[in-house]
Amino acid sequence: MHTDPPFSPSADPSLFPSPDPHVADLARQLLDEIDTVVEVWLEYVRPVRSPYASRVSEEEFRETAWQAFELLLRTVARMPIPEPIASVSERVGEQRARQGVPLATLLEAARLDFRVVWAALVRKAGSEHSAQLVNSAYQVWEAVEKHVTGIMTSYQRTVLEMGRRTADERRMWFARLVDTEGRNPTVVADAAHALGFTTNAEFLCVVSTAQDSTAMRKAAAELRALDVPVQLQELASDVVLAVQLDRRTTEEKVLDKLHDQPCGVATTRGGLAFVPRAVTLAAATARALPPEATHPRRLEDSWLDVLVHRADDVARDLADDVLRGLRTADVAQTEADRLLETVQVHLAGTGIVADTATALYCHRNTVQHRFGRFAELTGRDVRRPEDAALVALALRAAGRRTHTEAQNAPHHE
């Protein structure tokens with residue numbers, strides 16, 4: 001059976017012939033006509049360049065083209081390449097990236113170099129050296145591709161560095177905004193510029209203390225894709241998301257994207273200067289979440305829990321002081337539980353005795369009697385607003401302590 005030998009360039013020198021000295025000589029001659037070559041290229045590339053013509057001056061465009069063609073012709077001519085000619089590919093890639101020139105358009109213009117150089121070489125070669133020129137076409141193409149690759153690599157590296165620098169600057173300004181608590185108008189204005197925020201807009205601030213903040217990161221990415229101004233970053237042990245709201249981006253729509261993320265949520269109506277305070281309140285809400293929480297929770301639904309959490313030691317003392325009368329030997333546990341249930345239902349509801357009675361399936365006089373008994377044992381009458389507020393705090397503190405004790409209790413299998 002016949003087996004083809006493995007491919008090897010050295011096995012057939014005709015596949016990759018050595019550069020023809022006549023072609024190298026033609027390239028050297030074109031160096032003396034480089035101004036003409038550049039003018040021809042400028043005409044070819046004008047339609048390609050038109051979308052970004054305002055970003056790159058005519059003088060700069062012509063100068064880098066001149067250096068690029070000197071690089072190509074010296075490469076084909078096998079001549080030494082001095083600086084800054086040797087680094088023109090990398091320099092063009094970096095400059096055009098910073099000028100915002102689209103990469104595809106930039107590479108399209110650079111690849112026109114081959115057509116222009118080849119046409120000039122054909123004209124110089126005439127019929128006498130056309131065969132040698134065809135055999136050396138790969139050398140011209142390789143020179144152009146090396147130049148294009150250098151541009152592309154430098155462009156992509158610069159874009160990556162610019163993105164990292166921009167992200168670092170955004171993180172720095174947001175952290176500075178929070179650190180100064182929005183009190184410095186200059187910092188607020190500079191932060192708005194760096195973050196792409198509007199100073200007088202409304203904002204939604206979300207904070208998660210959970211290790212898994214996948215939903216927040218996903219929501220931030222989706223909002224950015226919709227051109228919504230957002231900032232997501234870690235502050236201390238928290239993950240913070242700030243979203244600028246408008247008619248299109250509402251609080252409800254943002255929270256829909258966070259439906260399975262336990263987190264604290266606070267809004268601000270006073271502009272960017274109030275975002276630091278909203279972050280603080282959202283963080284307090286997140287820390288007050290019950291252990292079993294699986295969804296976002298708004299500050300306005302969590303004030304009692306936040307107050308209890310922020311005043312942890314005092315809250316425990318408050319619970320002991322207010323509820324101590326229910327824990328005496330004279331009060332049966334069943335009675336204490338029944339009184340607590342009645343008070344909790346009343347405070348969580350409308351505050352109307354008839355509604356509380358309906359919720360508990362008992363007569364309103366029964367509810368009144370229980371309130372009287374609760375007041376007798378604790379000294380606090382939940383029908384009085386001041387006492388009701390203290391009892392509500394005490395109940396939240398007691399509930400929080402029960403959760404904490406249950407978590408810390410040893411588990412036996």
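Reader: Which residues of β3 lie on one side and which on the other, and are they buried or exposed?

Author: On one side are D238, V240, A242 and Q244, on the other V239, L241, V243 and L245, and all of them are buried, so both faces of β3 are covered. Buried means under 20% relative accessible area, exposed over 50%, and partly exposed in between (1.4 Å probe, protein chains only). There are two faces to speak of because side chains in a regular strand alternate between the two faces of the sheet. Before we go on: this is a predicted model, in which local features need pLDDT of at least 70 and side-chain atom pairs count only at pLDDT 80 or more, while totals for chains, interfaces and linings use all residues. Residues are numbered from 1 along each chain as its sequence is written, and side-chain values use heavy atoms, with hydrogens and water left out.

Reader: What makes β3 a strand that is mostly covered?

Author: Eight of its eight residues, 238-245, are buried. Strands here are DSSP runs of E with at least two residues, helices are runs of H or I with at least four, and both are numbered from the N terminus.

Reader: How do you know that β3 pairs with β1 and β2, and in which sense?

Author: Two strands pair if DSSP finds at least two bridges between them. β1 and β3 have seven, and β2 (residues 230-235) and β3 have six, so both pairs qualify. Each pairing is antiparallel. If you want bridges to look for on screen, C205 has A242 of β3 as its partner, and L235 has D238.

Reader: Which peptide bond is cis?

Author: The bond from E83 to P84 is cis, with omega near 5°. You will find P84 in the loop between α3 (58-77) and α4 (88-98).

Reader: Why is the contact of E202 with R269 called a salt bridge?

Author: The term asks for a side-chain nitrogen of Lys or Arg within 4 Å of a carboxyl oxygen of Asp or Glu. In this pair the closest N and O atoms are 2.8 Å apart, so the contact meets that limit. E202 is in strand β1 (residues 202-208) and R269 in the loop between β4 (263-268) and α11 (275-287), so the pair ties together parts that are 67 residues apart in sequence. E202 is partly exposed at 34%, while R269 is exposed at 55%.

Reader: How many salt bridges does the structure hold, and which others can I look at?

Author: The structure holds 28. Among them is R298 with E251, at 2.7 Å between the closest N and O atoms. This pair links distant parts of the chain, 47 residues apart: R298 is in strand β5 (residues 296-298) and E251 in helix α10 (residues 251-256). At 24%, R298 is partly exposed, whereas E251, at 10%, is buried. Another is D305 with R297, at 3.3 Å from N to O. D305 is buried at 15%, and R297 is partly exposed at 25%. Salt bridges that share partners also join E39, R49, E58 and R62 into one network.
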